[in-house]
Amino acid sequence: MKTHILAFILAITVCFGARAELKFDKNEIELHPKPDDKQAIGHFTYLNTGKTPVKFKSVKASCGCTAAQTQKDEVPPGEKGEVTATFNIGDRTGTQVKTVTVETDDPTKPSQVLTLRTIIPQQLEISPTFVFWKQGEKPEPKTITVKVGKEFTVKHIKVTSSTPDFQTKVQEGNGEFKIDVQPKETNTLGGTTLTIQPEDSPKVFYATARITGEPPAPAAPAAPTDQKAPPAPARPPAPGQTH
């Protein structure tokens, strides 16, 4: 009986001791591509710390703008490899977070999620991106500020309104521009899309201007001026006088 128990314990020990175990150096990588880069590529390195091979079942990215693949289909014990995640930047700016789900036959971690965080430099920062006037408001110009990113040099910008009902004027400064937007009138609802394009650059940015809301309440009517003034009260007679 004791022999069977010892054999069973030994079998369990061997089973657990011979298990596969895939460990990634980092489960999250942050990338800072240059302004002219078209792609950002993250390299997630791994090591099989177990005593049996690890087989990959699937490597899937969270969206179509990211491609992911493993260097090996099977990782022998003690060997290293990497999963690469390639993110197509396109017209995207700011912080982009994409994930890659890795599924293996590793019993300790059959599924692992890798995160690729890409900080894309922004050529122009526009504030605000929306200006408006209330219907009937005085059509005075309103200003949109455009700041140039630190990694870029922009000396001129071109601003186009989608409708002639709004006029624009650009004031150029040192790394900053002011766009004055002015409607011809505010009696009717309407709007325009402003296209903002840096000189010698294919990238385009947008802002919006609109006439919105209810017209102001009419002022209270003035009192009529043709009414007769009430008669002045009669003066009392002086002493010694009679009516």
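1. Confidence first. Mean pLDDT for the chain comes out at 85, with 79% of residues at 70 or more. Two stretches need care. Residues 2–17 have pLDDT below 50, and the model gives this stretch 1 contact beyond near neighbours in sequence. Residues 222–230 also stay under 50, and there the model has 0 contacts beyond four places in sequence. Where pLDDT is low, predicted coordinates should not be read in detail.

2. Now to Thr192, which sits in strand β16, a run covering residues 190–198. Buried or exposed? Thr192 counts as buried, because its relative accessibility is 3%, against a cut-off of under 20%.

3. What does the side chain of Thr192 reach? One partner is the side chain of Ser162, through a polar contact of 3.0 Å. The Thr192 side chain also gets to the backbone nitrogen of Thr163, at 3.5 Å.

4. Those two partners belong to a longer list of neighbours. Leaving aside residues up to four places away in sequence, Thr192 touches Ser161, Ser162, Thr163 and Phe166, and also Ala207, Thr208 and Ala209.

5. Last, the largest pocket, which holds about 310 Å³ of space. Its lining is made up of 16 residues, and Pro35, Asp36, Lys38, Pro202 and Lys203 are the ones closest to the centre. Sorted by class, the lining of this pocket has 7 charged, 6 nonpolar and 3 polar residues.

Methods:
Residues are numbered from 1 along each chain as its sequence is written. This is a predicted model: local features need pLDDT of at least 70, side-chain atom pairs count only at pLDDT 80 or more; totals for chains, interfaces and linings use all residues. Side-chain values use heavy atoms; hydrogens and water are left out. pLDDT is the predictor's confidence in each residue, from 0 to 100. Contact means heavy atoms within 4.5 Å. Helices (H or I, at least four residues) and strands (E, at least two) are DSSP runs, numbered from the N terminus. Buried means under 20% relative accessible area, exposed over 50%, partly exposed in between (1.4 Å probe, protein chains only). A polar contact is a pair of N or O atoms within 3.5 Å; within protein, one must be able to donate a hydrogen and the other to accept it, and residues adjacent in sequence count only if both atoms are side-chain atoms. On a 1 Å grid over the protein atoms alone, a cavity is a set of points where a 1.4 Å probe fits but cannot get out, and a pocket is an open set with protein on both sides within 12 Å along at least five of seven lines; lining residues have an atom within 4 Å of a point. Grid points are joined across faces, edges and corners, and a volume is the space filled by probe spheres set on the points. Ala, Val, Leu, Ile, Met, Phe, Trp, Tyr, Cys and Pro count as nonpolar, Asp, Glu, Lys and Arg as charged, and the others, Gly among them, as polar.
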